[in-house]
Amino acid sequence: MEINNMNKESEKLYKILFICLGNICRSPAANAVMQKMVDDAGLSARFLIDSAGIGNWHVGELPDKRMRNHGFKRGYQVNHIARQFDARTDFEAFDYIIVMDEDNYKNINRMSQSDKEKKQVIRMIDYITEHPEATSVPDPYYGEGKDFDYALDLIEDGCRGLLQRLCESESTPNSL
Ligand code: 4NP
């Protein structure tokens with residue numbers, strides 16, 4: 001199904017929270033990439049997109065300058081202010097909690113209180129279709145420029161896949 005076939009007038013709001021460890025590299029980038037894809041598709045009113053970190057070290061900070069710069073070169077405004085995931089409110093506030101790697105998955109799952117909450121936690125890799133070598137979105141924080149570019153490649157791939165899957169779920173509910 002074409003992304004543009006998603007019903008722009010429908011009442012259903014997709015609430016998506018991207019998660020990584022520090023909330024200054026991968027998840028704010030995913031936040032910006034997904035927002036731009038949704039905006040470009042004319043679907044802004046159908047989505048609420050945010051991001052958060054497992055840790056609290058960078059709360060209140062702008063994203064890492066390297067991710068801001070690499071994102072900017074691709075046309076993304078990576079300018080989310082870091083915050084920490086809050087299990088008391090975020091499971092309720094969001095439908096889909098999309099994690100970047102397996103450590104994130106374990107950490108968020110540990111904080112879930114029900115089967116419903118467990119089902120909300122989804123790996124970004126599950127939406128990545130063009131990088132068969134990848135098993136997660138690796139942390140670029142201790143890496144170099146190429147690691148930030150690779151993280152963005154995977155994030156773009158995953159966001160495209162996620163949006164596509166949500167479009168398909170409009171005709172086949174619960175197929176995500
Ligand atoms: P992120 O990268 O999880 O993609 O935001 C990291 C940023 C900072 C740290 C770890 C990962 N840190 O340990 O400060």
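Which residues are buried in helix 1? In this predicted model, where local features need pLDDT of at least 70, side-chain atom pairs count only at pLDDT 80 or more, and totals for chains, interfaces and linings use all residues, the buried residues of helix 1 are R26, S27, P28, A29, A30, N31, A32, V33, M34, M37 and V38. Residues are numbered from 1 along each chain as its sequence is written, and side-chain values use heavy atoms, with hydrogens and water left out.

Buried denotes under 20% relative accessible area, exposed over 50%, and partly exposed in between, with a 1.4 Å probe and protein chains only. Helices (H or I, at least four residues) and strands (E, at least two) are DSSP runs, numbered from the N terminus. By these criteria helix 1 is mostly covered, as 11 of its 15 residues are buried. The cover over its buried residues includes strand 1 (14-20), strand 2 (47-53), helix 2 (65-73) and helix 6 (145-171). Helix 1 runs over residues 26-40, and its end C-alpha atoms are 21 Å apart. After helix 1 comes G42, which has a positive phi near 75 degrees.

The ligand is surrounded by C20, L21, G22, N23, I24, C25, R26, H58, D139, Y141 and Y142, a residue being near a molecule or strand if one of its heavy atoms lies within 4 Å of it. By class, this shell holds six nonpolar, three polar and two charged residues. In that scheme Ala, Val, Leu, Ile, Met, Phe, Trp, Tyr, Cys and Pro count as nonpolar, Asp, Glu, Lys and Arg as charged, and the others, Gly among them, as polar. An N or O atom in the side chain of H58 is 2.7 Å from an oxygen atom of the ligand. For the side chain of R26, the corresponding distance from an N or O atom to a ligand oxygen atom is 2.8 Å. D139 places a polar side-chain atom 3.0 Å from an oxygen atom of the ligand. The protein covers 92% of the 350 Å² of accessible area that the ligand has on its own; accessible areas come from the Shrake-Rupley method with a 1.4 Å probe, and for residues only the protein chains shown count as cover.

N23, one of the residues around the ligand, is in the loop between strand 1 and helix 1. N23 counts as buried because its relative accessibility is 0%. Its phi is near 60 degrees, a positive value in a residue other than glycine. Most residues other than glycine have a negative phi. The side chain of N23 makes polar contacts with the side chains of S51 (3.0 Å) and H80 (2.9 Å). A polar contact is a pair of N or O atoms within 3.5 Å; within protein, one must be able to donate a hydrogen and the other to accept it, and residues adjacent in sequence count only if both atoms are side-chain atoms. Apart from neighbours within four places in sequence, N23 is in contact (heavy atoms within 4.5 Å) with P28, S51, A52, G53, H80, I81, A82 and R83.

D50 is located in strand 2 and is buried, with a relative accessible area of 18%. The side chains of D50 and R83 form a polar contact at 3.1 Å. Not counting residues up to four places away in sequence, D50 touches I16, L17, F18, N31, H80, R83 and F94.

Y141, also part of the ligand shell, lies in the loop between strand 4 (121-123) and helix 6. Its relative accessible area of 27% makes Y141 partly exposed. Y141 and I24 are 117 residues apart along the chain, and their C-alpha atoms are separated by 8.8 Å. With neighbours within four places in sequence left aside, the contacts of Y141 are I24, C25, H58, D64, R66 and F148.

D101 lies in the loop between strand 3 (96-99) and helix 4 (102-111) and is buried, at 16% relative accessible area. The side chain of D101 reaches the backbone nitrogen of N104 at 2.8 Å. Beyond its neighbours within four places in sequence, D101 is in contact with R26, S136 and V137.

Terms used
The expected span of a helix is 1.5 Å times one less than its number of residues.
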